[in-house]
Structure formats: C-alpha cells, structure tokens
Amino acid sequence: MQKIWERVKHDFNIKQQADELGLKVWQAPSLLFILMGLIIVVMMAVDFYVSRRYASPEVLVISEALVVSVILTIGTFIIQSIEDVAHANKTRSEFVSIASHQLKTPLAEANWQIELLLSMYQHGLSDRQLEIVSTVSSSLRKMTKLVSDLLDVARIEQGRFVLLRESVDITKLVDQVVLDYNKLAMARGAQLSVTHGAAVPLVSGDSRRLKMVLDNLLSNAIKYIERNGKILLEIETEERQVVVRVADNGSGIPAEQQDKVFQKFFRSTNVIRSQTEGTGLGLYIAKNIVEQSGGKMWFQSQEGKGSTFFFSLPIE
Ligand code: ADP
C-alpha cells in the first residue's frame, strides 16, 4: 500500500518527473495524460449536450471527429516525449560505450607499465617512490574496474550482454571467492564463514560472470561492515534451484531507500558518509547476470542491523 502511494505521489510530481526524464514540464507524460483525461471528459460532456440539442447526425459526426483529433494530437505529444527520452538514453548509452572502449587501451598500457616497473626496478626505488607507485597502481585498478562496469552497463542497456551457459559448480566458486576475500575480511576485523550441504548440484550459468556476482556481494558485505563483523555465506538446494545467501551484520540499508537498491548508480545515504568508494553499479550488473541466467536476486535489510542478499540459479 505504502509503495502504491509512493508511486502515485511520484507520478503526480510533474516537475520531478520532467527533471528525471530530461523533458520540459509540458512534455511530462503524467501531465499529458491528466490533460488528455480532462479534455476527454469536457469533450464528452459537450458532445452529449450538442447531440441532445441538435439531433443531427452531421453535428454528431463533426463533434466526434473533433474529440478524436484532440486525443490523437495529445497522444502524438506523449509518443514524441517517450521517443525523445528513448533517443537520449540510446545516445548516452552509446557515448558511455565508446568512451569506455577508448579508455580501455591506455589504461591497460598504464597498468602494464606499472607492473613492469615494479617487477624489474622495484629494488632501485626508495620507500617513498614505491608508495607513490602503488598508489598509482591502486587508482589504475579502480579505474579499470569502473570502465569495465560501465561497458557492462552499456551492454545491458543495448541488449548486447551475452552470457555463456555452462555447468557451474557453485560450491567451488564460492570457496574460491571466499579464499580471495579472506585477507580483506580479516583486515576489516570481520569473520567470514561458509556453510553448504554435501552434494550441491551443478547449476547453469556463466562461471566468470557468476564469480563477479559473488565478488560483488562479498566485497559489499566486507565494505559495509562496521565493527565485530560477521559474514555468512550459505548455499542451499531447493527443489529445482540452488539458493546462495550472503548475510552480514553491517550498516544495513534505510527502509525508505530499499526499492532503489538494484538501480544503477544507487548508493544509500548511510554509507556515502563513511564509504566514499563505490559506484552503485555492482548490484545492477549482478542482478542482470543472475536474471539472465534464469535466476532471481533479492535481499532483506535493516538499517544498523545488517543485510542478507540472496540469489537463486536453476539446477542444470
Ligand atoms: P557500490 O557498493 O559500489 O556502491 P553496489 O551496486 O554494489 O555499489 O551497491 C549499491 C548500494 O547498495 C551501496 O552503495 C550500498 O548503499 C548498498 N549496499 C549494497 N550491499 C550492501 C550491504 N551488504 N550492506 C549495506 N549496504 C549495502
């Protein structure tokens, strides 16, 4: 009920809707729909009056034609607004895709040069120089991840996000990701544990992409933990699917922002203050990967208490 009310409030906030869609106020679809509704009611009343007053078929046909042409004119404006938004979205997505592609090569080159510097000349560098080089290397890594996420987002939006269909041993994948993140979790003072049954069946999906999903959920759980962190990964087998859940006792997500969690670029207000790093793209991509693999992704969260993210995948 609350959600419906929020939706109605949003639809009637014409200025906000126009701003969000990048349209002029008079082009906002809600305003045009309301206008169309009002005009239809007025025209019907006039039509009724005219047809009673002048019981002539010609007058009736003319007034009906008038009503239809007004509806068609407003309908054209609505379609035009929607086309403008779709066109702007397509252009933006193409721009992001081209810019990210162009950035990939120089970034790879810079990464390669830094690695070369570290492997060949590390001993010739002073501590301060090494510190600078590793800061540059870490910034390059973050930029590379951002560019690759932006490319994935553009692929998703353009319907070009292709996944393999392989048999995946999800238990093995989880164990591998946990191993990768153990050190980081320990550094953040968090305890990481995994539980799963003995014989978890193989699932269907793209193992490289599914690893990205696990990477995202686990790195979020570690990133948004505050103190005495506990993270639990569980794998359960249900009738026709395997469900993976990642539970943490971290900062949680404020209730009023939870409906936006899977939107791209979303970052909740409670974490922006303490965690400046983050793009808000990880969960958007993760949900797309899971859904394109035939599964579902959802979560439960309570601010200040923690979050549990779930995803299911079809058994092979
Ligand atoms: P990022 O972590 O880079 O900001 P994500 O798409 O992975 O992007 O997550 C989006 C937002 O969802 C985060 O910024 C955070 O506000 C919230 N979030 C995700 N996972 C958690 C978690 N485990 N605990 C608390 N908040 C979370």
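This briefing looks at the ligand site and at the aromatic pairs in the structure above. Keep in mind that the model is predicted. The ligand sits in the largest pocket, and the shell around the ligand counts 21 residues.

**Who surrounds the ligand**

- Among the 21 residues around the ligand, the nearest are Asn220, Tyr224, Arg267, Ser268 and Leu283.
- Sorted by class, the shell holds 10 polar, 8 nonpolar and 3 charged residues.
- Three elements each bring at least two residues to this shell: the helices α7 (207-223) and α9 (282-292), and the strand β7 (306-314).
- The biggest share comes from α7, which gives 4 residues.

**Polar contacts and burial**

- Ser268 places a side-chain N or O atom 2.6 Å from an oxygen atom of the ligand.
- Asn220 has a polar side-chain atom 2.8 Å from a ligand oxygen atom.
- Gly282 takes part through its backbone, with an N or O atom 3.2 Å from an oxygen atom of the ligand.
- On its own the ligand would expose 540 Å², and the protein buries 97% of that area.

**Aromatic pairs**

- Across the whole structure, a search turns up 4 aromatic pairs.
- One of them joins Phe262 and Phe299 in an edge-to-face arrangement, with 5.8 Å from centre to centre and 70° between the planes.
- Phe262 belongs to the loop between β5 (241-248) and α8 (269-272), while Phe299 belongs to strand β6 (residues 296-302), so this pair ties together parts that lie 37 residues apart in sequence.

Technical notes: Residues are numbered from 1 along each chain as its sequence is written. This is a predicted model: local features need pLDDT of at least 70, side-chain atom pairs count only at pLDDT 80 or more; totals for chains, interfaces and linings use all residues. Side-chain values use heavy atoms; hydrogens and water are left out. A residue is near a molecule or strand if one of its heavy atoms lies within 4 Å of it. A polar contact is a pair of N or O atoms within 3.5 Å; within protein, one must be able to donate a hydrogen and the other to accept it, and residues adjacent in sequence count only if both atoms are side-chain atoms. Accessible areas come from the Shrake-Rupley method with a 1.4 Å probe; for residues, only the protein chains shown count as cover. On a 1 Å grid over the protein atoms alone, a cavity is a set of points where a 1.4 Å probe fits but cannot get out, and a pocket is an open set with protein on both sides within 12 Å along at least five of seven lines; lining residues have an atom within 4 Å of a point. A molecule sits in a cavity or pocket if more than half of its atoms lie within 2 Å of its grid points. Ala, Val, Leu, Ile, Met, Phe, Trp, Tyr, Cys and Pro count as nonpolar, Asp, Glu, Lys and Arg as charged, and the others, Gly among them, as polar. Rings of Phe, Tyr and Trp (its six-membered ring) pair if their centres lie within 6.5 Å; planes under 30 degrees apart count as stacked, over 60 as edge-to-face and the rest as tilted.
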